[in-house]
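These are my notebook entries on one structure. I set down what I looked up, one topic at a time.

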Amino acid sequence: MKNKMKKVNFEICESGKENVGVFIEQDNSIKVLLPIGYRVVSEDIQSEELKKEIRTFLKLLCKSADIEYKGEKQKEEFDIISAINVIEDFLEYGLYKQVQRECKLNSKGRINWKRTINTPQLYIDGKMIYQNIYKETINYFAQKEIQDIQKYCLNQISDTIGFLFDFSYNLKPNMEFNETEMIDIINKELKSINEDIKTKMLKDLLDFIANTNFDKIGKNKVYIKYKLFEHIWQELVDVFGIKGKEEYYPKAGYYSLETDEEVNITVNSQIPDTIIKNYKNYEEYVFVLDAKYYRIKTFPNEYDIFKQIRYGQYAQNKVQKENPNLKVINAFILPNNLGQKIVEIQEFYARLEENKNEKIYVVYVDTKGLIHNTKEVMGKVIEELVKLNK
């Protein structure tokens, strides 16, 4: 088994328009395309730290809903997302097993009191004498076909990306199933169980088999890429955001000239990226945050400022009806390489020329910090914004 990384090349996608991702070559060399502001690890970093770095970034991409795969609609050469799930299922639960519970009269095992009490017993001098005692045994038995399929997949995964996850599996099954037969066997088993853990294990196996071309594994590079990293950026910034944030967006539509009633014309709605409310010790503040994935030293334009000011005004009017003491803080959140600093609020802010009371703070956050410690970094953003409004 190949179990060492031969070389890692990092590249920062400075414009924000390129794909980010992880590309694993056949010789176990890796190319990592990183988002704007990501602080590249030093060349002398230890191998385990390096793999942890890559795994964290890889899992972030895997969580996204709009991942673009090689070949688009064609069958993938290797489904890396499902492969990670199959590894994690195995490490936590081992090989797939079914459980059989048997309850027998006067056998060995734990007493099943419900069954025993509901069974006629002998009474002597008004006292119950338990002669008919039911005991329960739990038998674990392997579903050999499922286990063989799982072993086969674990071998393929181990040989392809095992080196990156410090995962090795060398127990090869004596199996002659093709991909269609494996899928049929798993689907049949899925119909016979109703346990969440086993269902997940089977579905992860099913996804891996259905989306992997076993004939080409090891012959070409395996990769996962994502073009629209701004979507992931928004998700990271929104870690403390409330649900139902659309209520903080002013509604717009078309209205009749004669009756002034709304006309049934579809209008695509927009909502703020993030609304944070009732956060820890800062319940007197409502935060309206706009995540902007822009290249460093590129700032939101006039349209973005107009829109964000309007968001802030509407939110302020809404929350003051709930509580006159609530204060809205408005900010743009942008990526940067800040090292250990993590958060940096600029010494300038955005506003409309004629309105000096409306401020939109310009906040840089460290890209690597946000990816690896999302809650800690966004908590620091909130803390720093509040300091400016004391």
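Entry 1. I began with F332, which lies in strand β12, residues 327-336. I note that the model is a predicted one. I looked up the relative accessible area of F332 and found 1%. Because buried means under 20%, F332 counts as buried.

Entry 2. I then listed what surrounds this side of the strand. Leaving out residues up to four places away in sequence, F332 touches D290, K292, P300, D304, I305, Q308, A350, I360, Y361, V362 and V363. I also checked F299, which is 33 residues from F332 in sequence, and the two C-alpha atoms are 8.9 Å apart in space.

Entry 3. I turned to a pair of helices, α5 (residues 179-190) and α6 (residues 196-210). Their axes come within 10 Å and cross at roughly 160 degrees. An angle over 145 degrees counts as roughly antiparallel, and α5 and α6 are therefore roughly antiparallel to each other. I recorded the crossing of α5 past α6 as left-handed.

Entry 4. Which residues of α5 and α6 meet? From α5 I wrote down E179, M182, I183, I186, N187, E189 and L190, and they meet T199, L202, K203, L205, L206, I209 and A210 in α6. By class, this contact has nine nonpolar, two polar and three charged residues.

Entry 5. Last, I examined α6 by itself. Helix α6 has 15 residues and reaches 21 Å from its first C-alpha to its last, close to the 21 Å expected at 1.5 Å a residue. I found K198, T199, M201, L202, D204, L205, L206, F208 and I209 buried in α6.

Definitions and conventions. Residues numbered from 1 in each chain as written. Predicted model: local features only at pLDDT ≥ 70, side-chain atom pairs only at ≥ 80, totals over all residues. Heavy atoms only, no water. Helix = DSSP H or I, 4+ residues; strand = E, 2+ residues; numbered from the N terminus. Buried < 20%, exposed > 50% of the residue type's maximum accessible area, 1.4 Å probe, protein only. Contact = heavy atoms within 4.5 Å. Axes fitted to C-alpha atoms, helices over the stretch in contact; angles between N-to-C directions. Parallel < 35°, antiparallel > 145°, perpendicular 65-115°, else oblique. Left-handed = near helix turned anticlockwise from the far one by under 90°. Nonpolar A, V, L, I, M, F, W, Y, C, P; charged D, E, K, R; others polar. Expected span 1.5 Å × (residues − 1).
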